[in-house]
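Thank you all for making time this morning.

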Amino acid sequence: MPDDDYSRSESSSKNVESKSSKNHNSSSSVSDGESSSSNDSSADTAAKISKQYNDDSATQNASKYSYGELVKSSNHYGESFKLSNATVYQAQENNNTTYLLVYINDDSDELYSVALAGTTPAIEDDIVNVQGLLGELDSYDTKAGGSNTVPNILSSNVEVTGHISDAD
């Protein structure tokens with residue numbers, strides 16, 4: 001397992017919002033970080049992501065794009081994408097947005113960041129299905145003092161399907 005510390009603060013929520021708004025004419029950004037309207041923002045964001053999400057395209061894109069292709073650039077920003085049977089490595093909530101760090105195929109070196117507009121019961125070692133839109137690449141600091149950059153999924157739906165101990 002990598003020595004990651006995927007911690008989020010209010011300012012990083014705003015960062016994702018401003019970066020998304022500045023670089024793209026897409027309305028599928030993460031919560032604006034305003035505490036007085038965070039519930040409304042999350043609901044609006046989730047609705048926008050749901051409206052733009054296409055399950056057929058997500059299935060095709062999940063098969064078509066390799067992890068390496070997704071981690072090297074944000075060329076696929078706004079495209080529908082899904083992860084099936086992903087394992088939650090870390091989970092954190094901030095301003096009615098849930099941030100997950102997940103991996104698939106038992107390969108914790110290939111991490112994905114998931115920003116869910118709202119909350120989920122998902123916790124560390126849960127197995128989840130994620131639906132959403134590809135976002136900007138997400139960089140964060142690790143506990144070991146380095147940094148890591150991973151593909152980001154702006155999600156409107158995270159479904160908990162099991163727990164790692166259930167799979168054994």
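I will go through a strand and its partners, then the aromatic rings, and finally one serine.

A word on conventions: this is a predicted model, in which local features need pLDDT of at least 70 and side-chain atom pairs count only at pLDDT 80 or more, while totals for chains, interfaces and linings use all residues. Residues are numbered from 1 along each chain as its sequence is written, and side-chain values use heavy atoms, with hydrogens and water left out.

What does β2 pair with? Two strands pair if DSSP finds at least two bridges between them. With β1, the strand β2 pairs in the antiparallel sense over seven bridges, and Glu93 stands opposite Thr98 in β2. The hairpin of β1 and β2 has two residues between the strands, and in it Asn95 takes a positive phi near 50°. Six bridges join β2 to strand β3 (residues 111-117), again in an antiparallel run, and the bridge partner of Leu100 in β3 is Val114.

Turning to the rings, the structure holds three aromatic pairs, where rings of Phe, Tyr and Trp (its six-membered ring) pair if their centres lie within 6.5 Å, and planes under 30 degrees apart count as stacked, over 60 as edge-to-face and the rest as tilted. The rings of Tyr89 and Tyr103 have centres 6.5 Å apart and planes at 70°, so this pair is edge-to-face. Because Tyr89 lies in β1 (residues 80-94) and Tyr103 in β2 (residues 97-103), the pair ties together parts that are 14 residues apart in sequence. Both Tyr89 and Tyr103 are buried. Separately, Tyr67, Phe81 and Tyr112 form one aromatic cluster.

Finally, Ser155 is found in strand β7 (residues 152-163). Is Ser155 buried or exposed? Ser155 is buried, with a relative accessible area of 0%. If we leave aside its neighbours within four places in sequence, Ser155 is in contact (heavy atoms within 4.5 Å) with several residues, among them Ile49, Val114, Leu116 and Val130.

Definitions and conventions:
Helices (H or I, at least four residues) and strands (E, at least two) are DSSP runs, numbered from the N terminus. Buried means under 20% relative accessible area, exposed over 50%, partly exposed in between (1.4 Å probe, protein chains only).
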